[in-house]
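Hi everyone, thanks for coming. Could you take a moment with the sequence and the model before I start talking?

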Amino acid sequence: MRIAVVGTGYVGLVTGTCFADSGNNVVCLDINADKIARLNRGEIPIYEPGLEELVVRSARAGRLTFSTDTAAGIRAAEIVFLAVGTPPAADGSADLTSLWNVVDAIAPHLDPRAVIVTKSTVPVGTCAGIERRLKERTGRDCLVASNPEFLKEGAAIEDFQKPDRVVVGVRTAAVGDVLKSLYQPFLRTEHPFLVMSPESSEMTKYVANALLSTKISFINEVANLCERMEADIDDVRRGIGHDSRIGFAFLFPGVGYGGSCFPKDVQALASMARDKGVPARILTAVHETNLAQKQVLGTKIAAHFGGDLAGRRIAVWGLAFKPRTDDVRDAPALDLLERLLAGGARVTVYDPEAMDNVRAIHGDRIAYAATPMDALDGAECLAIMTEWGDFRRPDFDEMARRMQSRTIFDGRNLYSRAEMRARGFSYTSIGRAPV
Ligand SMILES: NC(=O)c1ccc[n+]([C@@H]2O[C@H](COP(=O)([O-])OP(=O)(O)OC[C@H]3O[C@@H](n4cnc5c(N)ncnc54)[C@H](O)[C@@H]3O)[C@@H](O)[C@H]2O)c1
C-alpha cells in the first residue's frame, strides 16, 4: 500500500518505519525541515532500540522516504496517518492546533478514495470533527478512521510489530478491512484486531493510559503510607501481586510518572469529563497525587541537609522519564533538578541517553558526567531517578570511594536495604524505612 504519515515524531517515525518494513511504500512527512534533513542523511533523531536498523534497511530498499512536501506526499497515498503531537493546553484539554493545521493542509491534495487515520491521541469526537472539516474543505465525504497507538517508548518497535491488540474505529466495514490487511503481518500471533466506532476507539486510548496512571499513583500513595506505618512496600507488593485479580504489572512505587502521554492524557480525559458535567474525582486525584510524588525525593534530600541545599554537591543518576529512551518530557528528574538548582545545590548528572536533551534545557547550570561513577566524585549524596539497567548492580566499593558521603536517595527502589546497611550506606528509598 502507499502510505503517508504526517508528523514524524516518536509515533510517526515508528509507524512509518514498521509499515515500510512490512513491504509498504511509506513517506514520512514533517514541517521540521531539520528533522527531515537528518533522517535523509540516515540520522535517527530519537533513541529507540532497533529503530535505526529498520529505518536504514527500508530507506535503502526505497520503501521509506522523508519529506517536508506534504502536498506531494499526500497525493499518491491510499492511507494517510496523522501522527502529530496533541500537547496539553493550559486548562488540561488536548491542544489540537497541529492536527487541524494538518487536516487543512492535506484536504486539497487527498485522493478521494484515501483513508485518513488518526494515530495521534485525540479527544473523543475528533474523528467526527475531521469528517466534518474535510467535507467543508473538499465538498465530499471522506473516509476517516481512528487507530490509537499503544506503543511504549523504549520497546516501541517490539510493541508495534507484536501488539497486544490493534484497535480501530471505523464507520464502515470496508475501511476496517483495509486497515486489517495493513496490520495482518503484525497479527500472526493471533492477537486481536478490534473494530469499533471511532468514538469508542478514541476513548479506549485515554482509558488505557488513565488506568495505568491510576495504578502508579495508587501504589505511590500507599508506599508513602507504608513508610509511616513501618511497613515495607516491596513486601506489600508481593503480598498483593499473587492475587490474580491484582497482579504485579505497573505497581512499582517510584518518583511519579512522566513522559509525553500519561500526564497529558489523564488531564485531557478529566477535561472531557468536565465539559460533559461528569465528575472526574479519580482522574483529578491521580494527577494531583503524581504532581506531589514528583516532589517526594527532593523533600527527603532537602530534609537530609536541614532544609539548606546551598553549595551541596549532589549527583543524579537517570534523567529520562523511563529507561531505554532519551525522552525527558515531563520527567520526574526535571522537577528534582529545578528544586536542587533553586536551592543552590551543585549538581552533576549522568544518563546513558538523555543528557543532550537535558543540556538543551539546563545548559551549564549543571555538570554532565561521562560515566555513572564520574558523577559521584565528591558527591554528598546520590539521587536515582530512572531505573536504567546500568544502575542496578554498580560497584558499591567504588561508589563509597568516590563519594564524599555514602548517602543514596533511591527513587526506584533498586537495592536491597539489607545490602545497603551491610555496606555502610545511608539509604533512603520509596515506601521502605530508611537504612
Ligand atoms: N510518544 C509516545 O510514546 C506515544 C504513544 C502513543 C501515542 N502517542 C500520541 O501520538 C501523538 C504524537 O506523539 P509523539 O510523541 O510522536 O509526538 P512528537 O512531538 O514526537 O512528534 C510530533 C511531530 O509532528 C510534527 N508536526 C507538527 N505539526 C505538523 C504539521 N503541521 N505537519 C507535519 N508535521 C507536523 C512535529 O514537527 C513532530 O515531529 C500524540 O498525540 C501522542 O499522545 C504518543
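A word on the ground rules. This is a predicted model, in which local features need pLDDT of at least 70 and side-chain atom pairs count only at pLDDT 80 or more, while totals for chains, interfaces and linings use all residues. Residues are numbered from 1 along each chain as its sequence is written, and side-chain values use heavy atoms, with hydrogens and water left out.

Let's begin with helix α10, residues 233–241. Helices here are DSSP runs of H or I with at least four residues, strands are runs of E with at least two, and both are numbered from the N terminus. Which residues of α10 are buried? They are I233, R237 and G241. Buried, by the way, means under 20% relative accessible area, exposed means over 50%, and partly exposed is in between, with a 1.4 Å probe and protein chains only. These three cover an arc of only 65° around the axis, so they sit on the same side of α10; the arc is that of the directions from the helix axis to the C-beta atoms. As a reminder, an α-helix has 3.6 residues a turn, so residues three or four places apart point the same way. Turn to the other side of α10 and you find R238 and G239 exposed. The cover over the buried residues includes α9 (198–229), where contact means heavy atoms within 4.5 Å. At the N-terminal end, D232 caps α10, with a side-chain oxygen 2.7 Å from the backbone nitrogen of D234.

Now to the surface. V124, M203 and V207 form a nonpolar patch there, with about 210 Å² of accessible area together. Accessible areas come from the Shrake-Rupley method with a 1.4 Å probe, and for residues only the protein chains shown count as cover. Patch members have over 30% relative accessible area and no salt bridge; like charges are joined within 9 Å, and nonpolar side chains (Val, Leu, Ile, Met, Phe, Trp, Tyr) within 5 Å. V124 belongs to the loop between β5 (115–118) and α6 (126–138), and is partly exposed at 33%.

On to charges. How many salt bridges does the structure hold? There are 33, each one a side-chain nitrogen of Lys or Arg within 4 Å of a carboxyl oxygen of Asp or Glu. K264 and D265 make one of them, 2.9 Å from N to O. Both partners are buried: K264 has 12% relative accessibility, and D265 has 0%.

R402 pairs with D377, their closest N and O atoms being 3.2 Å apart. R402 is in helix α16 (residues 396–402) and D377 in the loop between α15 (372–375) and β12 (381–384), so this pair ties together parts that are 25 residues apart in sequence. R402 is partly exposed at 23%, and D377 is partly exposed at 39%. There is also a network: salt bridges with shared partners join D104, R133, E136 and R137.

Last, the backbone. Most residues other than glycine have a negative phi. Yet D330, not a glycine, has a positive phi of about 55°. D330 lies in the loop between β9 (313–317) and α13 (332–342) and is partly exposed at 42%. N413 has a positive phi too, about 50°. You'll find N413 in the loop between β13 (407–410) and α17 (417–422), and N413 is buried at 13%.

That's my tour, and I'm happy to take questions!

Technical notes. A polar contact is a pair of N or O atoms within 3.5 Å; within protein, one must be able to donate a hydrogen and the other to accept it, and residues adjacent in sequence count only if both atoms are side-chain atoms.
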